[in-house]
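Colleague: I would like to learn how to read pockets and salt bridges in a structure. Could you walk me through one?

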Amino acid sequence: MTSTPGPAPASNLDPAVAARLKRGPDGLVPAIAQQYDTGEVLMLGWMDDEALHRTLTTGRCTYWSRSRQEYWVKGDTSGHVQRVRSVALDCDADTVLVKVDQTGAACHTGDRTCFDEDVLPLTGPR
């Protein structure tokens, strides 16, 4: 499966932050949403510079939809809002961790998280 090109590179993101980001060939970085008080991993979305800028300045998570080729703010249509508590880059600056206060389900399937239904069996040593 080939990935479609991301959005245009023009953005209002702080140039110092933009200079640190290591984006994929499509201009995107993975963004992990985590419940701020419990540590529960909720979902993975994709951000470009502008989505990150909007997330940092509005207090609401904004993602880039690779399938629709447009920005979307989590909760605008579902009411399942993600209110931003903090944003951090990982040590390689190629992944964003957004700690949020999640209202309702984070997953588009209606589940609380995207990671609670398909748990794989561990077969190796623990």
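Modeller: Gladly. One sorting rule before we start: Ala, Val, Leu, Ile, Met, Phe, Trp, Tyr, Cys and Pro count as nonpolar, Asp, Glu, Lys and Arg as charged, and the others, Gly among them, as polar. Please keep in mind that this is a predicted model.

Colleague: Thanks. How do the residues of the lining of the second largest pocket divide by that rule?

Modeller: There are 3 nonpolar, 6 polar and 3 charged residues in that lining. Among them are Arg-68, Trp-72, Lys-74, Asp-76 and His-108. The space in this second largest pocket comes to about 200 Å³.

Colleague: And what volume does the largest pocket have?

Modeller: The general idea is that rolling a probe the size of a water molecule over the atoms shows where empty space is left. Here, the largest pocket has about 430 Å³. It is lined by 16 residues, and the closest to its centre are Met-43, Leu-44, Gly-45, Trp-72 and His-108. By class, 9 of the lining residues are nonpolar, 4 polar and 3 charged.

Colleague: Which strand gives the most to the lining of the largest pocket?

Modeller: That is S2, with 4 residues. Strand S2 (41-47) and strand S3 (62-65) each supply at least two.

Colleague: Now the charges. How many salt bridges does the count come to?

Modeller: Side chains of opposite charge can pair when their charged atoms come close. In this model the count is 6 salt bridges. One of them pairs Arg-23 with Asp-49, at 2.7 Å from N to O. The two are 26 residues apart and link distant parts of the chain: Arg-23 is in the loop between helix H1 (15-20) and strand S1 (29-35), and Asp-49 is in helix H2 (residues 49-58). Asp-49 counts as buried because its relative accessibility is 10%, while Arg-23, at 34%, is partly exposed.

Colleague: Which residue forms a salt bridge with Arg-54?

Modeller: Glu-50 does, with the closest N and O atoms 3.2 Å apart. Both lie in helix H2, 4 residues apart, about one turn of the helix. Glu-50 is buried at 10% relative accessibility, whereas Arg-54 is partly exposed at 31%.

Methods
Residues are numbered from 1 along each chain as its sequence is written. This is a predicted model: local features need pLDDT of at least 70, side-chain atom pairs count only at pLDDT 80 or more; totals for chains, interfaces and linings use all residues. Side-chain values use heavy atoms; hydrogens and water are left out. On a 1 Å grid over the protein atoms alone, a cavity is a set of points where a 1.4 Å probe fits but cannot get out, and a pocket is an open set with protein on both sides within 12 Å along at least five of seven lines; lining residues have an atom within 4 Å of a point. Grid points are joined across faces, edges and corners, and a volume is the space filled by probe spheres set on the points. A salt bridge is a side-chain nitrogen of Lys or Arg within 4 Å of a carboxyl oxygen of Asp or Glu. Buried means under 20% relative accessible area, exposed over 50%, partly exposed in between (1.4 Å probe, protein chains only).
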